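Colleague: Could you take me through how burial and charge pairing are read in a model of this kind?

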Amino acid sequence: MCGVVGFYNFSGAPADLGVVERMAETIRHRGPDGLHAVSKGSVGLGHVRLAILDLTEAGKQPMQTADGLFSIVYNGEVYNFAEIRRELVSLGYEFQSRTDTEVVLNAYREWGRKCVSRFNGMFAFCILDNVRQDLFFARDRYGIKPLYYGVFNKTLLFASEAKAFTVHPAFSAKLDLHAFTEYLTFQNILTERTFFDGVSVFPAGCTGVCSMSGDGTVEISRYWDFDFSESDYSCSQEEAKEELDFLFCQAVRRQLVSDVELGAYLSGGIDSGSITAVAAKELPCMKSFTCGFDLNSASGIELGFDEREQAEFLSYLFKTEHYEVILKSGDLERIMPRLAWHIEEPRIGQSYPNFFASKLASHFVKVVLSGSGGDEIFAGYPWRYYRALQCDGFEDYIDQYYTFWQRLIPNNKLRPLLAPVESETRHIWTRDVFRSVFGPHTSSPQTPAESINRSLYFEAKTFLHGLLMIEDKLSMAHGLESRVPFLDNDLVDFSQKLPVHFKLQNLTKNVLLNENEHSKPRKFYRKYKDGKYLLRSAMERHVPNRISTAAKKGFSGPDASWFRGESLKYVQDFLLSREARVWEYLDYSTGTELVNEHLSGVENRRLFIWSLLSIEWWLRTYL
């Protein structure tokens, strides 16, 4: 687990080793155990190391083959590397380290660009291939590990974090208004754009090739994609339950491979609880970590946000060594500058609790297991999917689901809000952006199950990807590796072919709930008790019934109350001042009207306020 940087001067100019080293130093938090860089002609490669497997110098990067023909900078963990290594040894390969990095490098040498189809894990890497005279890039199926790239002044730049570009002389930071518009619509960026103009996210499930005789263009090919579809699944529900439990336990055990201490996040939910239950059987006195909230100023539904009681109960059952951190409103205020630096651009949700949870875990372990992905692959958000169950063709489905995913403000407020940059954003139609995510899946849904599967596909491609980007940035901010057992290849493949009625029990119900209402899960479950049906059933053997049947809760603080109370002055000072930089791009009158709707209690605009604060700090940090 590490950070990679690099560039290719397609003008032919030699790579400046000092620039590579400065790029790597910018993301040193990702790899506190070592920094190395090399210059190979017009290519510079750099790496910062968080040593997890083979802690010796044999594992350092950039790593090259003995003959010098292939070099790699790699970030990630391939959990089935031992099996691949045995196969390569049988083919005559010799190894100098016990790392998965060397396995990936030799797998590429043996099988070329198809090697990625053999990897079960999380990864983003670049290989300099002196035989084919090109750079080969790859990113894991789901986008667990990040990779950014862009061409500037005859130089192709790439890195695990875009901030590494800011020290390269070819790069100058500028806000991408298309990505900015997407974020204000979806509280996410659905395309491969970023807040940095010209910088793209290398797409998950893809490989790319940049020819050393070309103009820096990276030719991208997809090797894997999500495929939620009704299949001819013939197993009974009981058989499916047994298979699910087997695959889940196998996934957790696979991801325990480590030469350093490993722990787990532990909330009061089924996902992290089940992971901890299985892992704790393998690792005696495993450490677990929970983030709670001070609720002295909270009200209503927010009083249920703190899950420490449930986490402590699970820790007692699994005999973990348990640690907690409790957040107050002032913690949000104090952390914003550092948070903006690390996440680089805001994405899904209010991510500051993740920052503190990672910080806590990093004091005790270097690797932590996370429950991310369980909701997205097993249908944990039924109140979303039921929005577009009854539709008249694909375009009607898009209209219904697109309206729902406008997370921050009413759509009719978007254009007035963007008035200062209207001439540069008038051509951007966010419905078209939304529709483009579905790619080839544009036939009309014929059944409720097909509509559900379309929604699962969309959320895995966008919402899950946003969550993974945030999780990586905020764990690696503290030199902590976060692993996600629910995104094991075998487990995901199994979940996708399950009939929808194994996941949801009320396909004919169309539930309308306000996305900004914290109470939406509670309202829904009071009525239907739906979502992750088979998973809940299978996990009953690992967690108590009170956990396996509990209502879905998000990981969020009582920000709605804090913004109206203890953090009111902070919001007023930063967002109601005309000196705020955000008003260079947004209309002050429209924006402050929306903010004041929250402060006065008329509407819950907590996500909008959080997003404005995040944008403000991004502008101050990077521009």
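Colleague: Is Asp-488 buried or exposed?

Modeller: Buried means under 20% relative accessible area, exposed over 50% and partly exposed in between, using a 1.4 Å probe and protein chains only. Asp-488 has 1% relative accessibility and therefore counts as buried, whereas Arg-254, at 22%, counts as partly exposed. This is a predicted model, in which local features need pLDDT of at least 70 and side-chain atom pairs count only at pLDDT 80 or more, while totals for chains, interfaces and linings use all residues. Side-chain values use heavy atoms, with hydrogens and water left out, and residues are numbered from 1 along each chain as its sequence is written.

Colleague: What does Asp-488 form with Arg-254?

Modeller: A salt bridge is a side-chain nitrogen of Lys or Arg within 4 Å of a carboxyl oxygen of Asp or Glu. Asp-488 forms one with Arg-254, their closest N and O atoms lying 2.7 Å apart. The pair links distant parts of the chain, 234 residues apart, with Asp-488 in the loop between strand S17 (481-483) and helix H18 (489-497) and Arg-254 in helix H5 (residues 237-254); helices (H or I, at least four residues) and strands (E, at least two) are DSSP runs numbered from the N terminus.

Colleague: Which residue forms a salt bridge with Asp-271?

Modeller: Lys-532 does, with the closest N and O atoms 3.0 Å apart. Lys-532 is buried, with a relative accessible area of 3%, and Asp-271, at 10%, also counts as buried.

Colleague: How many salt bridges does a search of the whole structure find?

Modeller: The search finds 41, and one of them joins the side chains of Arg-347 and Glu-345 at 2.8 Å, N to O, both residues being buried.
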